[in-house]
Amino acid sequence: MFTSHVGGTLTGSGRTQTSDMTGGEIVITPFDLFSPGSRTYSATTSTPTESVLLDVRQFGSLLPVQVKEVCTVADTDKQISVKVEESGWAWLVCGGRVIIWKICQTAVAKRPVCKDLQLPNSGTADHIAIVSPGPLETAPAQAVSVLAVVAEGVARFWPSLAHPGRYTDTALDMGELCNFVVPVKGGDFIVGSYSGQLLRVSVDSSGRLQYRALKQGHGGLLSGISPPWLLSGIRSCVSHLWFGVRPPVLQSALWAGESGCLYTLTGSTLSKWEVDKNSERLIFSWDAGRANKPIADALWGSVSTYEMKVAYLDVKLSQAGRLVLLAAAWRHSDMPPLARHCLVTLKDNGATISDCSVAVTEHNPPFLDEEALRATRLVLPRASGPAAFLYNEELVFACSAGAGGEGLKIAGVCGGGCCANLPVFFSKNSGLVAVLARESASVLPGTMEDSLCSSLAAEPSSLVATPEAIHSFKASSMETPGNKTRFLKMAFLQFCRKDVVGAKTLTGELFPAEAEDELDSVVSRISLDLVDAYPASDPRWAESVPDQSASGFHQLTSLIILHQLEDKMKAHDCFMDFLLQVGLLDRLSQVEVRGAHMATRMLLCEHGEKLQAAVVLRNHHTKHAELLNQAILSALQKNNSVVPPGLTPADVFFREVSQISSVLECLLEEERTLKNEVVVNVNNIIKDMLQAACQYRESKTSIYRPGRNAATEPEYIPWTASGGARGVRGIISRQHKLILSSVYPVADPELRSVLCRQLCVLLDVYFGGYVSQLSSLPHSQQERYNSLEMEYSQRRSELLAQLLKLCQYQWVAALAEKYSDFDTLVELCEQTDDQSRLQSYVTMFAQQNFADFLFQWYIKKGKRRKLLSQPSAQNQQLASFLQAHQHLSWLHHVHIQDFQSAHRTLYDQARAETSFVRKKTLLALSKLSALASDVPKDAVQKQVDDILVQKQVHDILVQKQVDDILVQERVLLHQKALPKQLLEERQMIPDVMPVLTAHDLIRLYICDDNRQADEHDFKKALDLLKYVDEEDGVDIDALKCHIFVKALTKDNWSSADGTDDPLDAATDTVFVKILLNLIQEGVSLQTYLPDVKDLLDLDELASLKSKPFFEFVLRANYEYYVKKRSLTA
C-alpha cells in the first residue's frame, strides 16, 4: 500500500506542567484516504532506538505533474513554500509561480484539479488565500477565487481559478513588506504587514480590488489605546526597559470562521478582531507577557522572568475552542542556551483571556537567534487526542501536550497544515506526507490474526496493501472468482492492525464510488463467514475444516465453545467498525434473505444478534445438557448436518451460528411429555435467547440505522419475527397456546406466576417484531402497512385477551401499556372497575387521544351512562367529541346545566328529524331546555337597566323559539288527527309514519280516499293553510279554492231541485257547515272566502255547473252568509 514509512525516535523524557492540555500517547484518527504512492522517502530517523512510535506516510493521490516538475528542477537557491488547507486545497510557491491543486480524496483519482498561476513582476511570496461562495471542500475550480500578494505589496486577484489568464493587479499601500493574507467573511481578505498594519481587501462589482486600512494606532493597536506592554504593570515595564522595547513584529494570524474572529500575534501581544461583513472591531489586545511567569515556572521552577526571554511564534485554535500559542523561551546564562518550546493554552471568554496553562515539549534545539526561531510553526489537528506538531525545514516534532515527544527528521520540509484532521507536511523529496501514530498490534483477540491470514493463504507480512498488491488485484480481478472477497478480507486485516489508511486505500480500489454491484454480496458473505467460522486450531476439526483457499474464515483459536463465540462477537464488532471507518457501511443496499429482500445492514445486525443468542444458548447448555443435547441433535438432523468422528453435536451446531434459530422448534418438540420442569426450562431458554437478540438490536441502533440520504429500504422482518412453520413468530404462538391450554390450568399458583412472567417476555418479543416490521415500511406502501397493522392488532388483542380472562392483570397492563393496546387497557379497567387507572391512562396517552378512544368505546359498547359521567376535567374534551354525536351531546349539556346549548342541539335535531314520534319528543325536550335556560348567574351586572334589557331580549328569543315549536306541534296534532279509515286506505302506520308537511296534510284531508270526510276535515285543511311554508312555492289562494271545491263536490246538489228556499236546500251540505264553523270562530267571510265567480270558473265544478239549480243555490248562500251576516256583525 505504501512505498515506505519512516519511524521517529523518542528524544527524551522531561518534566511536564499540569494544564488543560493533558494527555498520554499521541492519538490520531485518520479520516481520509492515503495514496499508495510511487515515490520513495528520503527522510531518516534522528537516532536509532528500540521504540519507534511514529509513521510517515504519503497523503492523498499522486502529486500533479507541475508540482513534481518544480520539486525536481528548482534550484537550490530558490525557496519553495507550501500551504495545506483543511478544505483539501494546497498551493506551492516557487519563484514567480503559484501552483494550486486539490488534494484528491481517493488514491485513484484520474485528473486532479491543478492550476499554474504567475505572480506579478516575478515577485516571491507565499501569501496566498482562496475563497468561494460555498464550502471550499466541494467547490469546483470555476467557483474558487485566488488572491496573491507579493512581499512588496502588489496584489493579483483571479476571479476564477478555472481561468488563470484572467486577473487584475492592484498595488496595496502597505508601508512594510507583506506578511500574511487570510480570507474573511463576505469573500474579503485581510492583508497584514510585518509591522502590524492591517488592510481589508474586497472585490467590487467590476471585479477590481478595493482596500482600506483597519483603524489602528502605533504598533498596530486600536487608535487611542496605549501599547499593552506599557500598561501591564511595573514588572512588565521594567522588563521591557531592561531588555529594550522593540517594535512588535506580526508573527502569525488566525481566522476563526465559526466565530467570525481574527486573531493576530506579535512578539508581545495577542489581538482579537471581530470581523463582520462590512466592518471590523478590535475586541482586545492581550499582553502575552502575562504568560511569561507560568512559562518560567513550568520550565525552571521559580526562576525570575528577568532572567529569560520569550518569543511567541504561532497561534492555533484547538478542538476544544481554546487558543494555543507556540512559545520559545531561553536564558543566555545557560551554557549552551537552548530554545525551549512550550504550548500556552488560553481560554477566550469573549472580551477577555483567562485560564493560562503551559505544557512543556521536549523540543529544545540550541538557541541561535530570534530570526531562526520564527521558522518554527505549529500544526494542531482537530483529531481525537491532544497531539500537536512543531515543524521547520529540517524537523517535524510530535508532542502530546507535555508527555514528552518524538522528532522526525524529514529533509526539505517546505510547509504544512491540517487536512482531514491529520497533520500533513510537504517535503521536496517525498511530497505530501502525514505523520501518524504507528499502531501495528491487531485488535483481534489472541492469535486470531494468524488464522485470518491462513484463510487468505498468505503470510502475514504479505497482507499489506502495497502498490504491488493492488496491481496484482487489478490484474487478477477479472480472472479469479471471489477475488474481491479475498481482497476485502485483506483490507479488513489491515484495519485490524490499525492501518486504517491502508484499509481505505484498498477498499477504494475494490469498490469505487460508481461501482456498487458486488458490494452487498461480498460484505454479507464475509460477515457470514465470520459468524460461521471454523475453529481451525482444534485438532478434532482437522479433517472437517475446508481447504484454506476457500473463502471462509478459520480464525478461531480457542478450544472452548463459549470462548469461540465470544471471539466471533469481537470479530463481528471489528468488522462493523471496519465498514464504518472505510466508508462502506453507508453504501450498503440490500440482499436476499429467506426469500425476501432485506437491507444488508440489518443482515449484519442479525448476525450480531444470533451471536448473542448463541452465547446465551451455550450458557444454558451447561445447565440443561440433557434437554439441549437432544434438541441440538434433532436440529442437526433437520438441517442435514453430519457430525464428524471425534466431534460432538454441540461442536458442529455452535460452529454454524447462522442456523442457531433451528433449535427453537426442536425445543418445543421436547415438551411433548408436558412435564412442568421441561416447559419452564424451554421457556427460559427461548426467552433468554430472543431477549438477548432484541437487546443487541436496540443497543446498536445507531450503528445499523440507515443514513439520512439512504434510498428507501425493503420491509424489515427480523429473524425473531420470522413467519412460517419453523419461524420464531409461529413458535411463540404455539408455546403460548400450549402453556395456557395444557400447563397453566393444572399448575399451582407459584408455577402459574413463573409461567406468566415467561410468557410476558415471549409476547414482548412477538409484539416487538411487528413494531419493527411496521416501522420499516415506507409511506408508499400504505396498503401493506394497513394490512399488517390490522393483523398485528388482531393477534395482539387475541393473545392478551386470553391472559385477561385468567385475571393476569399485572402482565396484561404491562404489555398493553408498552404497545398502546387501548382496547385491552379499557377492558382491563372495566373488568377490575378501576376508574383511577383508567383516568391515569387518559393522562398517560393524552398525545395519542386515548380519551377519544375511550368515548368511542363507550358508544360502541352502549355504555352511555359511563360516557356521560366523565370527570369535570374532561368536560371540554367530551364536548368536542360529542359534536359528531349530537344525539348524545344534548344530554351532556343538560348534565353540565348548559340548557341553551341543549336547546340548540335538540332543536337542530328536531328540524332534521323525519320520524313523527321522535320529532315530537325532540321538540318537547327542546322547549323544556329553552324554558330552563336563563342569563348566566355569574354574569357581571353593570346596571339594572342593562340586566332588564338583556332579560327582555332573552324572553323574546325564548318566546319566538317556543312559538316556533308550537307551530310544529300543531301541525303534528293535525297529522295525529288523520282519520283512521284514511290511514288504513293509504297503508300508513301512525307510529312509524314520516313527518308530513302542512301541504301534505291538506291533500290527505281533502283527497278522495278520505271517503268519510266531513266539515271538520275540511275545516282542518283550511286551518293548515297558515302553516304552509311559502318557500315551497305553493299558491295559498289557489289551494284555498281547491279546498272549497272539494267540499262542494262532497254533496249531491241535485236533491235540492224544486225547492223554493235555496237556504233551506243547502242547510245540510258540507259547504254551508264549513261556513257556519268559520262564522262561529269569528272569521270574516267577506275577506276569507274566494270570489264565487272564481269558484264557478274552475273546471272541477263543471259537472255541477251543468245543473242550473246548483249555481242558484251557491250564489244565494254566498249572498246570505257573506253580505247579510257581515251586516249583522
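A polar contact is a pair of N or O atoms within 3.5 Å. The views below are taken from a predicted model.

**View 1. The N-terminal end of helix 33 is capped by Asp1035.** A side-chain oxygen of Asp1035 lies 3.3 Å from the backbone nitrogen of Asp1037. Helix 33 covers residues 1036-1048, and its 13 residues should span 18 Å at 1.5 Å a residue. The C-alpha atoms at its ends are 19 Å apart, which agrees with that expectation. The buried residues of helix 33 are Leu1039, Lys1040, Cys1041, Ile1043, Phe1044, Val1045, Lys1046, Ala1047 and Leu1048. Two lysines, Lys1040 and Lys1046, are on that list.

View 2. Strands of a sheet pair through backbone hydrogen bonds, either parallel or antiparallel. Strand 17 (residues 269-275) and strand 18 run antiparallel and are joined by seven bridges. Leu270 has Trp286, in strand 18, as its bridge partner.

View 3. The loop lies between strand 20 (323-330) and strand 21 (340-348), and Pro336 is part of it. The peptide bond from Met335 to Pro336 is cis, with omega near -5 degrees. Asp334 is found in this loop too. The side chain of Asp334 makes a polar contact of 3.1 Å with the side chain of Arg331. Asp334 counts as buried because its relative accessibility is 14%, under the 20% limit.

**View 4. Asp355 and Asp833 have positive phi values.** Most residues other than glycine have a negative phi, and most peptide bonds are trans. Asp355 lies in strand 22 (residues 353-360), and its phi is near 55 degrees. Asp833 has a phi of about 50 degrees and sits in the loop between helix 21 (822-832) and helix 22 (835-844). Asp355 counts as partly exposed, at 43% relative accessibility. Asp833 counts as exposed, at 56%.

**View 5. A salt bridge joins Lys484 and Glu518.** The closest N and O atoms of Lys484 and Glu518 are 3.8 Å apart. The pair links distant parts of the chain, 34 residues apart. Lys484 belongs to helix 7 (residues 483-496), and Glu518 belongs to the loop between helix 8 (500-510) and helix 9 (519-531). Lys484 has a relative accessible area of 19% and is therefore buried, the limit being under 20%. Glu518 counts as partly exposed, at 41% relative accessibility.

**View 6. Glu606 and Lys610 form a salt bridge within helix 11.** Their closest N and O atoms are 3.3 Å apart. Both residues lie in helix 11 (residues 600-623), four residues apart, which is about one turn of the helix. An α-helix has 3.6 residues a turn, so residues three or four places apart point the same way. Both partners are buried: Glu606 at 3% relative accessibility, and Lys610 with a relative accessible area of 6%.

**View 7. Lys1093 and Asp1097 form a salt bridge.** The closest N and O atoms of Lys1093 and Asp1097 are 3.3 Å apart. Lys1093 is partly exposed, with a relative accessible area of 48%. Asp1097 counts as partly exposed as well, at 46% relative accessibility.

**View 8. Asp188, Arg200, Arg212 and Glu280 are linked in a network.** Salt bridges make up the links among these four residues. A search of the whole structure finds 39 salt bridges.

**View 9. Cys666 and Cys1007 are buried cysteines.** Cys666 has a relative accessible area of 0%. Cys1007 counts as buried at 14% relative accessibility. A disulfide is a covalent bond between the sulfur atoms of two cysteines. A search of the whole structure finds zero disulfides.

Terms used
Residues are numbered from 1 along each chain as its sequence is written. This is a predicted model: local features need pLDDT of at least 70, side-chain atom pairs count only at pLDDT 80 or more; totals for chains, interfaces and linings use all residues. Side-chain values use heavy atoms; hydrogens and water are left out. Buried means under 20% relative accessible area, exposed over 50%, partly exposed in between (1.4 Å probe, protein chains only). The expected span of a helix is 1.5 Å times one less than its number of residues. A polar contact is a pair of N or O atoms within 3.5 Å; within protein, one must be able to donate a hydrogen and the other to accept it, and residues adjacent in sequence count only if both atoms are side-chain atoms. A salt bridge is a side-chain nitrogen of Lys or Arg within 4 Å of a carboxyl oxygen of Asp or Glu. A disulfide is a pair of cysteine sulfur atoms within 2.5 Å. Two strands pair if DSSP finds at least two bridges between them.
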